[in-house]
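Subject: Structure for you to look at

Hello,

Here is the structure I said I would pass on.

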Amino acid sequence: MKRSDINHAIEKAKLVMQQHSFCLPPFAYYHLTDWQNNVTNSHEIQQAHLGWDITDFNLGDFANVGLSLFTLRNQSPNNDKPYAEKIMVVHTGQVTPMHYHWKKMEDIINRGGGNLIVQLYHRNEDTDLLDYEKPVQISIDGEQRTIKAGEKICLSPGQSICLYPLLYHSFWAENDAVLAGEVSMANDDLTDNRFLEPLGRFSHIEEDVQPIHLLCSDYKEFLCR
């Protein structure tokens, strides 16, 4: 992605969050000089990969395949947190590709906006691909349901779904952009994502302009020189 497109995505995400009265911590608004002045006080932020995360999964088509995230809390090597929390903006027409997590269990919550559509499949243990036959048992707001493989669940604002490890899932917004929350076990985006199709979790960035805010994947490049 071009840095200018990442900057634009961050500004759009901030507008959606403001629309739904979701407040971000101060470091969400740090510019590069702010980070440089707070390097020694932000070790946990850097080590836990907190902050902005804009990805097109290295497909170069952010409008159709992409996601805007902000990690609010997470485990790091120097804290004892076994949990993580993210806030995400899912725009209409924009899909998060089919994937599962090896270890992480998570709740995905529709915090407001349109409907969040979630499609689910079991993992075929022989092929590691989609199991088109096995029904999926899920919990929506604590209520148990059994659905067909590949069935699409519609989460309206306020609803949530629990996704357990090795469960393939993809999601997108319907009718309007969705502000989506994620509450989970400790998050490791470097090793815990298995995409159905070979994809990059973090985007290759073309530096055509200066960043308005650093991404969590930028810290090593900009703060450890």
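Predicted model: local features only at pLDDT ≥ 70, side-chain atom pairs only at ≥ 80, totals over all residues.

The structure holds 9 aromatic pairs. One of them joins Trp-35 and Tyr-219 in a tilted arrangement, with 5.0 Å centre to centre and 50° between the planes. Trp-35 belongs to helix α2 (residues 32-37) and Tyr-219 to helix α4, so this pair ties together parts 184 residues apart in sequence. Both Trp-35 and Tyr-219 are buried. Another pair, Trp-52 with Phe-70, is edge-to-face, at 5.0 Å centre to centre and 80° between the planes. Here strand β1 supplies Trp-52 and strand β2 supplies Phe-70, 18 residues apart. Trp-52 has a relative accessible area of 1%, and Phe-70 one of 0%.

Helix α1 (residues 3-19) spans 24 Å from its first C-alpha to its last, close to the expected 24 Å. Among its buried residues are Ile-6, Ile-10, Ala-13 and Met-17. An α-helix has 3.6 residues a turn, so residues three or four places apart point the same way. The cover over the buried residues of α1 includes β1, β2, β3, β11 (167-185) and α4. After α1 comes Ser-21, with a positive phi near 55°.

Asn-74 sits in the loop between β2 and β3 and is buried, at 3% relative accessibility. A polar atom of its side chain lies 2.9 Å from the backbone nitrogen of Asn-187. Asn-74 also touches residues including Ala-48, Leu-50, Tyr-83 and Ala-186.

Regards

Terms used: Residues numbered from 1 in each chain as written. Heavy atoms only, no water. Helix = DSSP H or I, 4+ residues; strand = E, 2+ residues; numbered from the N terminus. Buried < 20%, exposed > 50% of the residue type's maximum accessible area, 1.4 Å probe, protein only. Polar contact = N/O pair within 3.5 Å; in protein donor to acceptor, adjacent residues only side chain to side chain. Contact = heavy atoms within 4.5 Å. Expected span 1.5 Å × (residues − 1). Phe/Tyr/Trp six-rings, centres within 6.5 Å; stacked < 30°, edge-to-face > 60°.
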